[in-house]
Amino acid sequence: MNENAKKLEIAVITTLALDGLPTEQDILDLAGQLRTLPPYRVSDEDFDLVIRKLKESLRIDMGLGSRVVLDHAPWLMGRKASIEPYFWTRYSHYLLKEGMSPRVVTALDKVGDDILDLLGNPADVVGWPRRGLVMGDVQSGKTSNYTGLICKAGDAEYRLIILLTGTLESLRRQTQGRLDAGFVGLDSAGVVTRNRTRRDVGVGLINAARSAGVFTSTKSDFKEATANQLGFRLNQISEPVLLVVKKNSRILENLTAWLTTYNANQSGTIDVPMLLIDDEADNASVNTNPAKATAINAGIRKLLKIFPRSSYLGFTATPFANVFINPDSTDEMLGNDLFPRDFIYALEAPTNYVGANLLFGDDSPLDVIRKIDDAEDFFPRGHKSNWKVDGLPDSMLLALRTFLLVNVVMDGRNGMPKHRSMLVNVSHFTSIQDQVRDELMIVLKKMQEDIRNYSGLTPREAEKNTTIALLKQTWASEFGNEGTPWKTILSRLNDSTQPIEVRSINQKSGAGSLDYAVYGATGLRVVAVGGNSLSRGLTLEGLCISYFYRNTQMYDTLMQMGRWFGYRDGYVDIFRIWMSETAINWYGHISEASEELRREIRWMQGERLKPSDFGLKVRADPDSLLVTARNKMRNSQEITRMVSVSNRLIETTRLYSDPERIKANFNAVVRFLRKLEASEAIRDPKNRNPLWRNVHPELVAELLESFIGHPLNPTFQPRDLATFVRAAQDSKMKWWDLVVPSGEGNALPADTGIESVLRQKRNLEIDKDGTQSMLVSGKKMRVGSRGVEREGLSKDEHNAARHEFETNPDYAEKKSIPDHLYRIERSRPLLMLHFIEQSGDDAINVPVGVAVCALGLSFPKLDKDSEMVSYRVNLVELRNMLEATDTAASLDEDDDDDDA
């Protein structure tokens with residue numbers, strides 16, 4: 001769009017948003033009126049484009065979130081009339097000017113009030129201190145949420161606001177710049193200097209009548225000498241003061257000492273309301289040492305202690321570590337003062353957010369995931385820092401060519417981001433990253449030379465060059481349906497691709513290695529090669545291509561590495577992600593687990609349960625062992641956990657891959673089927689899949705006892721489940737249903753007695769990391785197909801599930817009924833026997849006359865007193881396997897040389 005069209009769009013959206021949510025007719029009327037004025041005169045084509053963008057923005061919405069809260073007296077509404085919303089008002093105008101949907105800004109306003117009301121009242125001397133946690137999605141706009149909250153806190157007279165960023169200076173500087181624009185209103189680099197200069201930025205360009213105090217900058221973290229030079233005394237400043245500080249133990253110690261020395265009273269405390277926001281709260285803040293608090297954890301707690309009126313608020317997309325601290329102890333969680341004992345708030349992402357469920361869920365409409373199957377020789381699992389990179393895999397070269405072409409397409413579209421990024425994350429060692437950078441630079445330079453020399457020729461002549469021919473081939477395979485003719489793409493290649501450069505982003509390259517602000521006028525087009533520096537909060541602007549080949553099974557680590565989550569307005573059809581099949585499976589599994597976590601919070605909100613109830617429930621889940629780093633589970637040989645199975649599906653998503661145990665499990669299933677035929681169970685002759693009703697729980701328990709589960713499938717502890725099945729007192733557990741789903745594979749071996757059943761085809765993937773296991777894959781690491789849990793339901797139960805699906809707006813984007821809705825309606829548990837046939841490439845050594853067997857257990861909603869299973873998990877065995885598979889188990893791991 002030209003400059004007048006941009007002005008028209010901003011004028012319409014900022015004017016109408018002042019009066020609530022506009023209709024489409026409101027937009028058309030006002031835009032038509034403004035168009036007659038000289039600053040907003042545009043062509044018919046540009047006018048149509050502006051209207052289309054405004055209507056798209058109007059459709060974007062955001063929910064208000066869910067929360068679990070300890071007893072708390074609301075205070076904000078009682079003070080609303082006396083609070084001047086200066087900082088929030090100008091920030092909301094800034095967001096609208098930047099193009100945020102009016103509906104989303106309205107939701108941010110409401111969410112900000114909700115969270116502020118859960119913090120301490122700055123006008124009060126009672127009700128302190130407060131501890132809370134806000135859960136968002138990776139790259140979903142948490143910064144906008146906490147910037148809005150900071151503005152509201154400043155308006156409500158919080159005097160000191162400390163924002164803790166991650167452990168990296170690059171992230172701290174990026175965050176400082178965003179707070180300068182959204183809250184302070186001034187360029188902090190000019191304020192925090194000996195020769196103070198004033199330059200209005202962001203909200204300061206909207207209203208510069210007041211500005212917040214700031215004593216850190218985009219150039220430097222907190223320094224005592226700078227604070228003394230500026231004469232920083234809290235009791236002498238009338239405006240709220242902001243500090244943006246890294247999570248560095250020395251800096252935290254210096255800040256606490258300086259605040260105490262120059263601002264504390266005789267008792268050693270500072271009696272002003274203080275808000276401490278801990279961004280990426282699961283990174284470095286959580287104490288992982290049972291004997292002595294870790295340095296950063298101790299530093300945060302010491303800082304909070306000098307402010308009797310303090311509110312601590314963690315923000316994270318991966319809250320797992322925060323809600324169970326140390327999985328071997330419940331007492332520590334309840335006693336740790338960083339645990340969010342007062343509230344947990346789960347944010348809703350705007351409707352245009354591209355998250356894990358959209359990318360990896362069963363109903364995903366996107367075709368953006370590409371499989372890496374050629375990178376192991378180049379970046380072998382378990383490689384060391386001295387590994388020599390010898391060339392690049394073809395899949396990475398394909399991703400690079402795709403990035404070049406995406407830039408051409410985006411240059412031909414309106415409203416595209418000025419900055420464009422490609423992510424390459426293949427190792428946590430800086431030495432490997434730098435080698436990959438050098439290799440990519442050589443390849444890119446050759447491609448750019450060829451493009452400069454040949455792209456101006458006719459297509460036939462140009463395609464005699466190998467680079468051009470490969471680009472055309474990539475165009476045809478990736479974007480053949482995009483609509484732009486190849487001849488047009490070829491003519492634009494040179495202008496779009498010459499600005500692209502390759503950079504490594506890590507501790508060695510320094511904090512300024514990815515400074516988009518320097519390229520504000522022209523935009524930065526960069527291939528960013530990094531590891532953990534790219535995996536904690538740092539935003540890659542205009543990210544359109546991701547190449548990810550890392551080996552970890554920790555939920556929090558994987559989610560934080562997913563920089564591709566976020567907003568892709570206008571180019572969601574052309575962005576691409578390359579990753580291994582294993583990573584695709586894990587992300588699918590995690591998206592399901594994260595969604596379950598949010599459903600749990602919504603349910604707990606309705607039940608008026610406390611944050612400690614939520615924390616204890618999450619920690620009790622054996623799957624939680626796969627969301628924490630090894631150092632959070634190093635203290636015991638075995639743990640016992642009370643686990644709820646109510647309304648839950650438990651499956652053997654990982655099985656042993658050796659033929660002896662495959663045969664042993666098959667034999668266990670055959671023995672079960674023979675006993676079943678001799679029992680009083682009733683087979684339903686009308687059901688398409690073999691279905692039995694009135695299966696005695698003793699038969700189910702015997703099968704579970706004889707089935708061999710894998711330690712890395714910690715939710716499925718067969719012997720403990722067998723004990724529960726026998727002892728369960730709930731009336732719904734008196735009888736079981738059993739189904740054997742039929743697939744499209746070969747018939748079963750004759751001795752099963754159900755020869756009419758065909759095996760189900762699944763991609764059985766051998767885990768090559770020494771775990772002796774195979775994954776029963778599928779995007780969600782599910783064994784059963786979608787809808788299998790409706791087996792055994794009565795007509796009324798099925799109709800009830802369908803009614804909920806069709807009337808509940810939470811399922812508006814779903815194509816079919818989720819299995820958990822069937823589960824809610826179940827009156828009996830369901831046992832699923834799965835006979836599997838390999839459909840993937842890995843060679844599975846299955847003995848003759850044997851089939852791979854997997855199990856699934858679907859439990860109905862049980863009475864609370866009878867839903868708990870006591871699980872015993874051998875941590876030694878589990879830890880050893882994780883150490884074999886996980887070269888960088890956590891982003892704050894000591895052996896990761898990419899993390900300060």
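Helix H12 lies across strands S2, S3, S6 and S7. Its direction makes about 165 degrees with that of S6. Axes here are lines fitted to C-alpha atoms, for helices over the stretch in contact, and angles run from 0 to 180 degrees between N-to-C directions. Helices (H or I, at least four residues) and strands (E, at least two) are DSSP runs, numbered from the N terminus.

This is a predicted model: local features need pLDDT of at least 70, side-chain atom pairs count only at pLDDT 80 or more, and totals for chains, interfaces and linings use all residues. Residues are numbered from 1 along each chain as its sequence is written, and side-chain values use heavy atoms, with hydrogens and water left out.

H12 covers residues 295–305. Which of its residues are buried? They are Ile296, Asn297, Gly299, Ile300, Leu303 and Leu304. Buried means under 20% relative accessible area, exposed over 50%, partly exposed in between (1.4 Å probe, protein chains only). Seen down the axis of H12, these buried residues fall within an arc of 160 degrees, so they line one face of the helix. The arc is taken from the directions from the helix axis to the C-beta atoms. Lys302 and Lys305 are exposed, on the face turned away from the buried side.

The buried residues of H12 pack against S2 (130–135), S3 (160–164), S6 (274–279) and S7 (310–316), and also against helix H11 (249–263). Contact means heavy atoms within 4.5 Å.

Now the sheet itself. Eight strands form an open sheet with mixed pairing, in the order S1-S8-S2-S7-S6-S3-S5-S4. S1 (66–69) and S4 (213–214) stand at the edges, each with a single partner strand, so one side of each has no neighbour in the sheet. Two strands pair if DSSP finds at least two bridges between them. S6 and S7 pair in the parallel sense over six bridges. Leu275 stands opposite Ser311 in S7.

A further open sheet has three strands, ordered S19-S25-S24, with antiparallel pairing. S19 (654–656) and S24 (764–767) are its edge strands, each with a single partner, so one side of each is left without a neighbour in the sheet. Neighbouring strands of this sheet are turned by 35 degrees against each other on average, direction ignored. S24 and S25 (773–776) pair over four bridges. The bridge partner of Asp767 is Ser773 in S25.

Finally, the whole protein. The secondary structure comes to 29 helices and 28 strands. Of the 900 residues, 59% are buried.
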